[in-house]
Amino acid sequence: MITPLVIETPRLKIRWLEVGDAAFIYTLVNDPTWIRYIGDKNVSNLEDAKTYIATGPVEMYRNLGFGLNHVSLKEDDTSIGICGLLKRETLDEVEIGFALLPEFRGQGYAFEAATAVLEHGCSGLGISRIVAILSPDNRASRKLLCKLGFEFESSFKKEPNSDTLDLYVINR
């Protein structure tokens, strides 16, 4: 049996998502910035949010031992975002993903969570190369990736008629 992830940083607690996080996930994935840069996940109610968690992160934990994680404030367990590693069918490499609720952006939480997730991925899981994909106009995510030590590698399209995405990489 796989032991669920729990990482604590000075200000944050990072753990696997659970179906009980459905209300938080519903709010996060319907944030306009999420929809703009990550996409509409068609989560229109709490049941959809439970299904999203069960068929996405929870299934990935079961199959790979990692996935997107719940991020909360350590002091009072307030849910603030997600950050984790994921493996998409459309991408050959392990990718880092992160998103915070609007009121928690710009306070260093994403950097703190992503640093801990990268350390776990490299040291705990033995992953030496991690990628990130983002829209070229997503300045906040690009700034965070560069601060984390990622470097731009290339631009690409997932499909011929899709938008161009930028690929960033970090090797450890």
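Trainee: Is arginine 36 buried or exposed?

Mentor: Arginine 36 counts as exposed, at 56% relative accessibility. Here buried means under 20% relative accessible area, exposed over 50%, and partly exposed in between, with a 1.4 Å probe and protein chains only. This is a predicted model, where local features need pLDDT of at least 70, side-chain atom pairs count only at pLDDT 80 or more, and totals for chains, interfaces and linings use all residues. Residues are numbered from 1 along each chain as its sequence is written, and side-chain values use heavy atoms, with hydrogens and water left out.

Trainee: What does arginine 36 form a salt bridge with?

Mentor: Its partner is aspartate 137, with the closest N and O atoms 2.8 Å apart. A salt bridge is a side-chain nitrogen of Lys or Arg within 4 Å of a carboxyl oxygen of Asp or Glu.

Trainee: How many salt bridges are in the whole structure?

Mentor: A search of the whole structure finds nine.

Trainee: Which residues are linked in a network?

Mentor: Glu93, Arg129 and Glu153 are linked by salt bridges. Glutamate 93 and arginine 129 have their closest N and O atoms 2.2 Å apart. That pair links distant parts of the chain, with glutamate 93 in the loop between β4 (79–86) and β5 (95–100) and arginine 129 in strand β6, 36 residues apart.

Trainee: And what about glutamate 153 and arginine 129?

Mentor: Their side chains meet in a salt bridge at 3.0 Å, N to O. Glutamate 153 lies in strand β7 (residues 151–157) and arginine 129 in strand β6, so this pair ties together parts 24 residues apart in sequence.

Trainee: How accessible is arginine 129?

Mentor: Arginine 129 is partly exposed at 25% relative accessibility. Glutamate 93 is partly exposed at 24%, and glutamate 153 is partly exposed at 39%.

Trainee: Changing topic, how many bridges join β7 to strand β8?

Mentor: Six, and β7 and β8 (residues 164–171) run antiparallel. Two strands pair if DSSP finds at least two bridges between them. β7 and β8 form a hairpin with six residues between them.

Trainee: Which residue in β8 is the bridge partner of serine 154?

Mentor: Leucine 167.

Definitions and conventions
Helix = DSSP H or I, 4+ residues; strand = E, 2+ residues; numbered from the N terminus.
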